[in-house]
Amino acid sequence: MLEKLRIREHMEVTDANGQHVGTVDGIEDDRIKLTRTDSSDGQHHFLDLGNVDKIDDNRVYLKQGTAIPVGAGAN
């Protein structure tokens, strides 16, 4: 899983349309942990690495149709 090695703390995470979802706090197992300060409910949220479509520059793009956790930045 190449994405796991390329994703770094503080990278922006967006949906397939480029809408901000959150900011990477770290990687735990096979999930992206999003920062609490970037969520509307002050909680950490997680996204499965299998939902990553591509990594470009300092941004992680999610696949079309990825369910965004309630409380994450895009909600």
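What follows is a conversation about the terms applied to this predicted model.

Me: What is the overall make-up of the chain, and which pattern does the chain follow along the sequence?

Reply: The chain has one helix and six strands, and, read along the sequence, these elements follow the pattern α-β-β-β-β-β-β.

Me: How do you know that the radius of gyration of the chain agrees with that of a compact globule?

Reply: A compact globule with 75 residues would have a radius of gyration near 11 Å, and the chain has 11 Å, so the value agrees with the rule. As a further description, the C-alpha trace spans about 30 × 25 × 20 Å along its principal axes, and buried residues make up 36% of the 75 residues.

Me: What makes the pair Lys4 and Asp30 a salt bridge?

Reply: The term requires a side-chain nitrogen of Lys or Arg within 4 Å of a carboxyl oxygen of Asp or Glu, and in this pair the closest N and O atoms are 3.3 Å apart, so Lys4 and Asp30 form a salt bridge by that cut-off. Lys4 lies in helix α1 (residues 2-6) and Asp30 in the loop between β2 (20-28) and β3 (31-34), so the pair ties together parts that are 26 residues apart in sequence.

Me: Why are Lys4 and Asp30 called partly exposed?

Reply: Partly exposed is the class between buried, which is under 20% relative accessible area, and exposed, which is over 50%. Lys4 has a relative accessible area of 33%, so Lys4 is partly exposed, and Asp30, at 38%, therefore counts as partly exposed too.

Me: How many salt bridges does the rule give, and what makes Glu12 and Arg59 one of them?

Reply: The count comes to three salt bridges. In the pair of Glu12 and Arg59 the closest N and O atoms are 2.9 Å apart, and the cut-off is 4 Å, so the pair is a salt bridge. The pair links distant parts of the chain, with Glu12 in strand β1 (residues 12-14) and Arg59 in strand β6 (residues 59-62), 47 residues apart. Arg59 has a relative accessibility of 32%, so Arg59 counts as partly exposed.

Me: How do you know whether Lys33 is buried or exposed?

Reply: Buried means under 20% relative accessible area, and Lys33 stands at 17%, so Lys33 counts as buried. Lys33 is found in strand β3, and, not counting residues up to four places away in sequence, Lys33 touches Thr23, Val24, Asp25, Gly26, Glu28, His44, His45 and Phe46. With Glu28, Lys33 also forms a salt bridge, in which the closest N and O atoms are 3.3 Å apart. Glu28, at 31% relative accessibility, counts as partly exposed.

Me: Why are Thr14 and Thr35 called buried?

Reply: The limit is again 20%. Thr14 has 0% relative accessibility, so Thr14 counts as buried, and Thr35, with a relative accessible area of 13%, is therefore buried as well. Thr14 lies in strand β1 and, leaving aside neighbours within four places in sequence, Thr14 is in contact with Gln19, His20, Val21, Arg59, Val60, Tyr61 and Leu62. Thr35 lies in the loop between β3 and β4 (45-48), and, with residues up to four places away in sequence not counted, Thr35 touches Thr23, Val24, Asp25, Gln43 and His44.

Me: Why do His10 and Asp57 count as exposed?

Reply: Exposed means over 50% relative accessible area. His10 has 55% relative accessibility, so His10 counts as exposed, and Asp57, with 78%, therefore counts as exposed by that cut-off too.

Terms used: Residues numbered from 1 in each chain as written. Predicted model: local features only at pLDDT ≥ 70, side-chain atom pairs only at ≥ 80, totals over all residues. Heavy atoms only, no water. Helix = DSSP H or I, 4+ residues; strand = E, 2+ residues; numbered from the N terminus. Rg over C-alpha atoms; globule rule 2.2 N^0.38 Å. Buried < 20%, exposed > 50% of the residue type's maximum accessible area, 1.4 Å probe, protein only. Contact = heavy atoms within 4.5 Å.
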